[in-house]
Amino acid sequence: MKRILGLDYGSRTVGVAVSDPLGVTAQSVEIIRRKSENKLRQTLARLEELIAEYQVGLLVLGFPKHMNNDIGDRAVKSLEFKEILEKRTGLHVVMWDERLTTVEAHRVMQEAGVRGAEKKQYVDSLAAAFILQGYLDSRKNQGGEVQEII
């Protein structure tokens, strides 16, 4: 069974999480960092390595809508990244509503006693895990068939 990779795409980072082989749970993997927003070559190369390593068959990309459901600049950039990912990897990319995942990641880390600068090391990969877990839970609750939530 192919795994699913969850992504939290930011202006200078991509948080990465992966599902277990059965598609039940999401685990944080890493944060891919880049020096500027438009420099994606190394980011894409690393994602291709992770896709091969984990035998990924589907990508779930966080879709950062505003709380009022509007689509802003960050969401447009995520849609552009989706197109790039699909062309580069040949995999389908599901857009998944990521509202409040970063807030939840910060809350969990605070409860775990993670402080200050350490949070930056983990927040994006934890947010990616929340994005992916939301998708996995929805898929399980709908008998395996999930429509994109954007």
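Mentor: Let us begin with Glu30, which is partly exposed at a relative accessible area of 22%; the scale calls a residue buried under 20%, exposed over 50% and partly exposed in between, with a 1.4 Å probe and protein chains only. This is a predicted model, in which local features need pLDDT of at least 70 and side-chain atom pairs count only at pLDDT 80 or more, whereas totals for chains, interfaces and linings use all residues. Residues are numbered from 1 along each chain as its sequence is written, and side-chain values use heavy atoms, with hydrogens and water left out.

Trainee: How many salt bridges does a search of the whole structure find?

Mentor: The criterion is a side-chain nitrogen of Lys or Arg within 4 Å of a carboxyl oxygen of Asp or Glu, and the search of the whole structure finds five such salt bridges. One of them joins Arg46 to Glu30, with the closest N and O atoms 2.7 Å apart. Arg46 lies in helix H1 (residues 41-54) and Glu30 in strand E3, so this pair ties together parts 16 residues apart in sequence; helices (H or I, at least four residues) and strands (E, at least two) are DSSP runs, numbered from the N terminus. Arg46 is partly exposed, its relative accessible area being 25%, and a network of salt bridges links Glu30, Arg46 and Glu49.

Trainee: Which residue forms a salt bridge with Arg74?

Mentor: The partner of Arg74 is Glu37, and their closest N and O atoms are 2.8 Å apart. Since Arg74 belongs to helix H2 while Glu37 sits in the loop between E3 and H1, the pair ties together parts that are 37 residues apart in sequence. Arg74 counts as partly exposed at 25% relative accessibility, and Glu37 is partly exposed with a relative accessible area of 23%. Another salt bridge, at 3.1 Å from N to O, brings together the side chains of Glu48 and Arg88. Glu48 lies in helix H1 and Arg88 in helix H2, so here the parts tied together are 40 residues apart in sequence.

Trainee: How many aromatic pairs are found in the whole structure?

Mentor: Two aromatic pairs are found. Rings of Phe, Tyr and Trp (its six-membered ring) pair if their centres lie within 6.5 Å, and planes under 30 degrees apart count as stacked, over 60 as edge-to-face and the rest as tilted. Tyr9 and Phe81 form a stacked pair, 4.0 Å centre to centre with 5 degrees between the planes. This pair links distant parts of the chain, Tyr9 in strand E1 (residues 3-9) and Phe81 in helix H2, 72 residues apart. Tyr9 is buried at 6% relative accessibility, and Phe81 is buried at 1%. The ring centres of Trp96 and Tyr135 are 5.3 Å apart and their planes are at 90 degrees, so this pair is edge-to-face. Trp96 lies in strand E5 (residues 93-97) and Tyr135 in helix H4 (residues 116-141), distant parts of the chain 39 residues apart, and both Trp96 and Tyr135 are buried.

Trainee: With which residues is Ser78 in contact, leaving aside its neighbours within four places in sequence?

Mentor: Contact requires heavy atoms within 4.5 Å, and, with those neighbours left aside, Ser78 is in contact with Tyr9, Leu61, Gly62, Pro64 and Met95. Ser78 is found in helix H2, which covers residues 73-89, and is buried with a relative accessible area of 0%.

Trainee: Is Leu22 buried or exposed?

Mentor: Leu22 counts as exposed, at 60% relative accessibility, and lies in the loop between strand E2 (13-19) and strand E3 (26-33).
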